[in-house]
Every structure is written in structure tokens, then in C-alpha cells.
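Student: Could we go through this one slowly, with you saying what each label rests on?

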Amino acid sequence: MAITMTPAAEQHVIKHLEHRAKGLGIRLGVRTTGCSGLSYVLEFVDDAASEDEVFQCGDVKLIIDPKSLLYLDGTELDYVKEGLNEGFEFKNPNVKDECGCGESFHV
Amino acid sequence: MALLQISEPGQSPQPHQRRHAVGIDLGTTNSLVATVRSGMAEVLADEQGRDLLPSVVHYVAEGVSCVGYEAAEHNVADPLNTLASVKRLMGRGVADIKTFGSQLPYEFADDKGGMPKIKTAAGLVSPIQVSTEILRKLAGRAEIAFDSELDGAVITVPAYFDEAQRQATKDAATLAGIKVLRLLNEPTAAAIAYGLDEAQKDGGAKETKGQDRTVAIYDLGGGTFDISILRLSKGVFEVLATGGDSALGGDDFDHAIADWLRQQIGMDDDLNPIEQRILLETAKSAKEELTDSAEVALEVLDWQGILTRELMHSLIDGLIAKTMRACKKSLRDAGVAQDQIDDVILVGGSTRTPRVGEKVAELFGTQPLCSLDPDQVVAMGAALQAEVLVGNKSGDDMLLLDVIPLSLGIETMGGLIEKIIHRNTTIPVAKAQEFTTFKDGQTAMAIHVLQGERELASDCRSLARFELRGIPPMVAGAAKIRVSYQVDADGLLSVTARELTSNVESRIEVKPSYGLGEEEITNMLQDSFSHARDDMQARALREQQVEADRMIEDLLAAIYKDGEALLDAEERQCLKVAIQELRELRESTTEHRLLARQIESVAKASEEFAARRMDASIKTALAGQTLDEIEKG
């Protein structure tokens, strides 16, 4: 089981963590909600839980709870620019189907 | 898929629940729009990567021709129809314009509402309409960046803006279809951008925790200078004093250097516009280069020479000294000593000149904050505030309050002012006071709403007048008339007067004497309705174009992959012709229905091909499998 991220994503996470001046790393997760079943969670982490799995990607810790990991295994976190819009993208090989806007998905 | 931002722990938004808010710095010379991404305020650039939008709108006979950089290019050729610096006119009356309008090259018309309008090729245009165009452009930029509609905006205004000017700004935003979350004072926004409100609450350093902080904001733009002294206590920003010079800015530095160049070259005072422009541009780039180097070699109009940093200082020190005098005056007004200032913030592109920072540090005895881009800092602070107000950041992390800058009062007998809400009261606020009749049998009362600190009504600014009628006739002093002043979170005032025995009531929204009239607002809204159809059609066309592009791309890919195998030459040719026709129509037509029909006919033409592809892929999938295996699978 593994989660990775691209250099672009790593660079942006480091920038945001530095700006925030606190935090262990970032949390990736999924939760059941939305118009098509599941949606992603992307948050700063101040306190990791004991059951969390931690993946060291370069200088950044990616923190995931074991349940989410089932849905996210093999995911690569990327940072992309689309025209004027920019942000993080989960490249998740487990996704079978997503809602029109891509904010929620099925596995 | 949708692009995500990092949230605070436990605050990931539900899908489709993230609300998009921006901060807008609607400036005299340039405007900006910023938003918060992953907890950081960022300015949104346009497609060319430019952060600023010149606050310029160009008009032609048909209406608005362009906004921003494009509009600014018309400045030389078509100055009367190229409107810039309208912020100076916002919420002003015709009388005000007479005093300083001569600095602006436009032709003014006296409208019946008392609000000045500018004569352009497109007819009479109010400063509010010009601001609307600028705001619309910025909101459009944000909507493209979010790929979503805007849920609201915080728009900044100078701390010295009065009710009329704030109302004018808010009207402009409403006409642009922007929901105004709040108007925010520019110096307050700068302080938020540096997190001073947080520092005061959390106490970055222990000894300052919970203590009041006094902050000076030194804002030197291209053409204006503002100094504001704020006091920050318990998350509330109080404006202690404001001052400045509306006709002094970094452009004057350029003029001073250009003038020196002219003397060096030995030219007369009467330069032609081209020479003047060359000198100014040389001066400007020399000033910018001297930010990093000690001297710069110049070559202009057959003249060569060297400008050292010291020499430049001697040219601009006089101008900087003028700003220092304004700072000292504001400190005196605020009743604060120089060494009581805890933080100084530099705002405005012209504070990049290192000499300015040096002098400011000298005056206040503290190193000014300048780590954020001085052009962007106000928009960034507004974005941070918008993020809270729109509800993306939960809790009362940053419940920021503003205060009213000037007392609000009512004219009483003898032309005096009775203050109802005192200056520096935090908003929103509502206060009431009782008055009575002056004469026996008096049935009406004129209510004159005033703003200002002076004692005589004639020295204060008149905001509105209205009458309370239908007071039952009584002896003088028997009627009880309760006048309530209410200021909402944007600093906008409504006044109600009620006679308590009979309950007759009269009220007014301020509606400053030169704000937009009801009728004018209705007309403008009507305009936006009458254009609704055009807007809808433009949208429908755009949708069909996207659909056409998708279909062309899909079909070409399918033909490339399976065309040889599944289609004969004639069928292939037929489809290619259909695609070509669709492509041509997509480029040429403005009629979305036509395009929709063509898309449908291409879809029909390719139905057979699609069916064959489906069959072929099922065959491949099923090849070599028994019925049992398929049923199990």
C-alpha cells in the first residue's frame, strides 16, 4: 500500500505548511458524501491519530487513516494549473466513476 | 476532476459546498482581486499573468469598448472617452467636482440628481457605472479562476470615505452583480494581511498578548498618498486618524527625475507630448533600477549621463518630506506619539523605492513591515476577510469589526448638531434619541442627517433630509419623537423617526444627497434585464460550441482507431465531410440552434459507425469464452 505525490504537489504543500507555520503534514482521506458516493479530504494535520498511516514523501508527511487508505491505495497527489484555476488533484486508480464535476466519485 | 485546496483540520468542505469569495481592492489607478487558497491569500492574475487591472474604462458610441490595459492604451488618442481615476469622483456632488474636477480632463454634466456625470461618446456616464465595469471585469476573472460563480466579495475603500462614497461603491458592486459581504477600510485590510489582528489576539510575543496595538499604515500609490493610524484592541480596528494628499504619489517622483533630465539635456519647459513621455519613461525605469543599484547610466534623446542614488534622493526627498509632514499631523490628530506606534505597514507600489522605507523607519523609529507585495497587500487582507465572512473558515477566528469614522448626528434648532452615534463606535450599531416639537400645534418635523465632528450643522456634511408628517397637534414639547440611527456592517446608515403617541413613522436610507436616484437604479437594472436575452444566447452558443468540439474530437479519434476496419471508403469520406461541415459551422455561426441541429445530424450520420464499434468490442470481449464463464462474470 502506498501513496505518492508529484514534485509540484510537494513544493506547494511545503509552501503552505511554511506559511501556516505549524502542522505535521497533510491528511489525505475519503468520506462518504456528495452526489456520487465519496469525496476527498485534504487537510493540514496538527495531531496525527495512533491508527494513522504515515507516508514520507520527500520532505512531507502524508497522513492517512487506514480506512481511507483502502480507497486511496496507489493514489498520486498532483498539483495542476488549468487556465486560471489551480489546485491539488487526486490521481486515484481505484475510481470507477465520478460525478459530472468530479467532486465526488465511486470506487 | 475538480481541483482541491488544503483545508484546516476537520474543515474539508462538502462537495459543492465550498463557497467562493474574493477580496477586491478597487483602486484609483489600479485594481486587484485576490482569494484564499489553502489558507494563503493570493492575487488572481489574468490570462497574461498580470496581477493589476488598470482602473480605466474606454467608451465608444455603442457603449463600453474595453476595460483595463486595453482601455489605458486609448488614453493618448481618445482622452475624453477614456475614463480613469473615477474613484476620486465616487459619491461626490457637483459642487465638489468644481473644486478639484479641473484636474481631470473630462467634461462634466450636471445631472438632475445632483450627481456628476461624464460626457462620453456613449452618452452620460456616472462614476458608479465606470466602477461597475471595473468590478465586473475583476469578478469575471475570479469566476474563470474558480470555474464557478462568485458567492461574495469584500471590497476595500479608503478609511476617509464617508457614507456617500461608501454607498456609491456598494451601488457599483450591486450593479456588477456582486454580493458585497462587507466594505472594508483599506488600512484595516493591510493590517489583516500582515496578521496583526491575530497577533494581537493570540499574542505572537507574550508581552503583547491582549494588549492594544497602534498601527500606522503608510500608503503611497501612483497618484495618492494616505496615512492612517489605527488602534487594534480585542479584534476591533479603530481609526484614530487619517490624512494624506490626494495629489501626491510615485508619479511625482518620476516627474521630478524627468525634470532633472530635461535640465541636463538643456531643453526648454515646453516639451511636446512625445518627448515628455520619453523622459518620463526613462525617469521611471531609472527610479526602479536604483532600487537595487547605486547608480544607473542613462541614454536619452542624444544625451548620456549617470544618475546616482544619492542624486535621486536629493530630487525626491522634498516630496517624501511632504508625506512625513502629513504623518506627523495625523499622529497629532490621533493623540499618539511617534514611539507609541507598534507597527508600520508599507502599502502602494511607490513604497518600493528604498528611500521611502528609510524615511518612514526614521520617523516612526521602527522598521516598517514590507514582506508582502505593497501593491497586493490590501487585496490580500480583503480576501482573508471574505473567506471568513463567506463561511469557509469556521468559528469566530477573526470576527473583525470596523468602526464608523465620523459621528452621525441630527440638526437641532439653531443649526446645531446633536450627535446620535459617536465616531469610533463599532458597527453594526443602532442608537435612538427622543426629540420633541418646538411650537404649539406643530404637525411636521424636518430631519436633517449630518456627519461630522463640528458643532455647527453648516460645518458638517449633510447626508440626507426628510420629514416626519402627521404629528397630532399638541402643545410644544408634548410630542415624543424617537429618532433611531442604524448603521449596518458595511457602514451604511438608515434613519427612522417615529412619533410615539400616534405611531406615525418616516424613514430614510442614506441615500446621500448625490447617490443614485431610485429611478436611475431602476433604469440600470432594467438595462441588465434587457440584455438578459443576449447573455442567455451567448451562453447557449458557447455550450453548443463545446459540444461540437467534443464530438469532432471523439469522432476523429474513433475513425483513426477503427475507421479502416469498420467503414468503407465512401462511408469514411461521408463522415469526414460531415465533421468538416460541423467544424466550419462551429467557427462561423452565432446561432446556437443551427449548431445544435448540425451536431445532431452528425450524431445521426455516425450512429451506424458507433453501433459497429460496439458490436466489434463486444465480440472481442466475448471471444473464446463459454456461456458459463460469461454468466458467472
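Tutor: Two residues count as in contact if their C-beta atoms, placed from the backbone, lie within 7 Å. Axes are lines fitted to C-alpha atoms, for helices over the stretch in contact, and angles run from 0 to 180 degrees between N-to-C directions. Helices (H or I, at least four residues) and strands (E, at least two) are DSSP runs, numbered from the N terminus. With that, α3(B) lies across β5, β6 and β7 of chain B, at about 50 degrees to β6(B). This is a predicted model: local features need pLDDT of at least 70, side-chain atom pairs count only at pLDDT 80 or more, and totals for chains, interfaces and linings use all residues. Residues are numbered from 1 along each chain as its sequence is written, and chains are lettered from A and ligands numbered from 1 in the order in which they are written.

Student: What makes β6 and β7 of chain B edge strands?

Tutor: Strands pair if DSSP finds at least two bridges between them. The open sheet runs β6-β5-β7 in chain B, with antiparallel pairing, and β6 (63-67) and β7 (82-84) each pair on one side only.

Student: How many bridges join β5(B) to β7(B)?

Tutor: There are 3, between antiparallel strands. B:His58, for one, has B:Thr82 in β7(B) as its bridge partner.

Student: Why is α3(B) called oblique to α4(B)?

Tutor: Under 35 degrees is roughly parallel, over 145 roughly antiparallel, 65 to 115 roughly perpendicular, and the rest oblique. The axes of α3 (127-146) and α4 (163-175) of chain B come within 8 Å and cross at roughly 55 degrees, so α3(B) is oblique to α4(B). Among the residues making this contact are B:Ile128 and B:Leu135 of α3(B) and B:Ala168 and B:Leu175 of α4(B).

Student: And what is α7(B) relative to α8(B)?

Tutor: Helices α7 (250-265) and α8 (273-289) of chain B have axes that come within 8 Å and cross at roughly 115 degrees. That makes α7(B) roughly perpendicular to α8(B).

Student: Which handedness does that crossing have?

Tutor: A crossing is left-handed if the near helix is turned anticlockwise from the far one by less than a right angle, and right-handed if clockwise. α7(B) passes α8(B) in a right-handed crossing.

Student: How many residues does each chain give to the contact between A and B?

Tutor: Chain A gives 29 and chain B gives 23. The largest share of chain A's side, 7 residues, comes from β3(A).
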